[in-house]
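Here is a short briefing to read with the model open beside you. Take it topic by topic, and look up each residue as you go.

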Amino acid sequence: ISIISARLSGRQPDPEHPFGHGRVEYVSSLIIAFLILFAGGQLLISSVQKLINPEEVTAGWPLLCVMVLSALVKLWMWAFNRKIGKRISSSVQLATARDSLNDCLITLTVAAATVIAVSTGEMRVDGGAGALVALLVLKSGFDVAHETIDQLLGGRPDPELVRQLAEEVRKTDMVVGVHDLVVHDYGPGRCMISLHAEVPCDADILKMHDIIDMIEHSLHEKFQCNAVIHMDPIVTD
């Protein structure tokens, strides 16, 4: 899903999608969230069944070693996907990282429960541990779904991004204020920004137009966004 999402979201804009296909990432994240929820639900059902009807647990050291090795690989996948996801602001990479962490948690819990069950003879440990992990996985899936749906519905932008945008616009001495800043999110690295820049009413209109053009170019260079700025003349004396 991550690979297909990356291919589709990277397609160039076309007449039907003038702002690109970046929101494919959000749809893909939602699919991953549903898969996480499905896995958590299945694990919860099987764990409750084992609590009601305990089954004998048997495992040798080779199997336990493979499980621990698998968990370590999944832990590395979590760290790698999380790092890349944050670097490129990719929701699908972050969802994949969450899924890898769930796999690591499940595997380690199963290994620990197996050792305890075999050592103590208490077979309900397996079901109890599985139920606990299932609840954590379900919460993880719900969090991914909630975050993704917020993005699809047009949730509020990151306050830190808003602050940085406003600061960048106000770097120019001729701009004395910023208001009505709106961020339209079309996927990672694809956003439209509109805002009102307050400028002195007695400033040269041609000079101010050039300054606003330079600010729009600066926002595009630093934040990879297309900005549209409206000049609001105000009395400063």
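Contact here means heavy atoms within 4.5 Å. With that in hand, Pro157 touches Val162 and Val183, leaving out residues up to four places away in sequence. This is a predicted model, in which local features need pLDDT of at least 70 and side-chain atom pairs count only at pLDDT 80 or more, while totals for chains, interfaces and linings use all residues. Residues are numbered from 1 along each chain as its sequence is written, and side-chain values use heavy atoms, with hydrogens and water left out.

**Overall build**

- The protein has seven helices and three strands; helices (H or I, at least four residues) and strands (E, at least two) are DSSP runs, numbered from the N terminus.
- Starting at the N terminus, the order of elements is α-α-α-α-α-α-β-β-α-β.
- The radius of gyration is 25 Å, well over the 18 Å that the globule rule gives for 237 residues, so the protein is more spread out than a compact globule. That radius is taken over C-alpha atoms, and the globule rule is 2.2 Å times the number of residues to the power 0.38.
- Along the principal axes, the C-alpha atoms fill a box of roughly 85 × 40 × 25 Å.
- Among contacts in the protein with a separation of 6 or more, 67% are between residues 24 or more positions apart.

**Surface and charge**

- Of the 237 residues, 35% count as buried. Buried means under 20% relative accessible area, exposed over 50%, and partly exposed in between (1.4 Å probe, protein chains only).
- The accessible surface is about 14200 Å², and carbon and sulfur atoms hold 63% of that. Such areas come from the Shrake-Rupley method with a 1.4 Å probe; for residues, only the protein chains shown count as cover.
- The protein has 19 positive and 28 negative charges, and their mean positions are 8 Å apart. Lys and Arg count as positive and Asp and Glu as negative, while His and the chain ends are not counted. Each charge is placed at NZ of Lys, CZ of Arg, CG of Asp or CD of Glu.

**The aromatic pair**

- The structure holds one aromatic pair. The ring centres of Trp76 and Phe80 are 5.3 Å apart and their planes lie at 15 degrees, so the pair is stacked.
- Rings of Phe, Tyr and Trp (its six-membered ring) pair if their centres lie within 6.5 Å; planes under 30 degrees apart count as stacked, over 60 as edge-to-face and the rest as tilted.
- Both residues sit in helix α3 (residues 61–88), four residues apart, which is about one turn of the helix.
- Trp76 is exposed, at 56% relative accessible area, and Phe80 is partly exposed, at 42%.

- Val175 lies in the loop between α6 (159–170) and β1 (177–185), and counts as buried at 5% relative accessibility. Beyond four places in sequence, Val175 touches Val169, Arg170, Ala197, Glu198, Val199 and Ile215.
- Ser140, in helix α5 (residues 124–153), is buried with a relative accessible area of 7%. Neighbours within four places aside, Ser140 is in contact with Ile36, Arg98 and Asn102.
- Pro157 belongs to the loop between α5 and α6 and is partly exposed, at 28% relative accessibility. From Pro157 to Ala111 is 46 residues in sequence and 41 Å in space, C-alpha to C-alpha.
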